[in-house]
Amino acid sequence: MELPAEELKGAVNRLRRAQGQISGVIGMIEQGRSCEEVVTQLAAASRALDRAGFAIIATGLEHCLTDEAEGGTPQMERDEMRAKLEKLFLSLA
């Protein structure tokens with residue numbers, strides 16, 4: 001399934017935020033900052049990544065539901081897509 005880039009702008013923004021946070025974590029480690037500060041920033045980056053992943057999956061689900069409502073996807077393809085989306089969802093859980 002291909003998803004339009006314009007529908008994933010929010011996910012891309014979250015990924016950019018996570019990228020900045022991860023760079024910050026690396027810098028904090030190199031500077032010898034406290035464990036608590038490093039872990040706090042790492043947790044924030046992890047949440048940003050999770051939210052981006054869920055946003056991507058939600059967009060995929062929306063497309064699947066739209067296709068199904070329009071009757072454009074055969075049952076076998078829907079079953080395969082459901083299995084793929086379930087696997088993706090569980091990979092983030």
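**Exercises on a predicted model**

Thr-59 touches Leu-3, Glu-7 and Leu-8 when residues up to four places away in sequence are not counted, contact meaning heavy atoms within 4.5 Å. This is a predicted model, in which local features need pLDDT of at least 70 and side-chain atom pairs count only at pLDDT 80 or more, while totals for chains, interfaces and linings use all residues. Residues are numbered from 1 along each chain as its sequence is written, and side-chain values use heavy atoms, with hydrogens and water left out.

**Exercise 1.** Determine whether Thr-59 is buried or exposed, and find the backbone oxygen that lies 2.9 Å from a polar atom of its side chain.

*Solution.* Begin with the accessibility: Thr-59 counts as buried because its relative accessibility is 9%, where buried means under 20% relative accessible area, exposed over 50% and partly exposed in between (1.4 Å probe, protein chains only). Then turn to the side chain of Thr-59, where a polar atom lies 2.9 Å from the backbone oxygen of Ala-55.

**Exercise 2.** Find which residue forms a salt bridge with Glu-37, and classify the accessibility of Glu-37.

*Solution.* Apply the definition, a side-chain nitrogen of Lys or Arg within 4 Å of a carboxyl oxygen of Asp or Glu; a search of the whole structure then finds one salt bridge. Its partners are Glu-37 and Arg-33, whose closest N and O atoms are 3.2 Å apart. Finally, Glu-37 counts as partly exposed because its relative accessibility is 32%, and Arg-33 is likewise partly exposed, with a relative accessible area of 39%.

Note on methods:
Polar contact = N/O pair within 3.5 Å; in protein donor to acceptor, adjacent residues only side chain to side chain.
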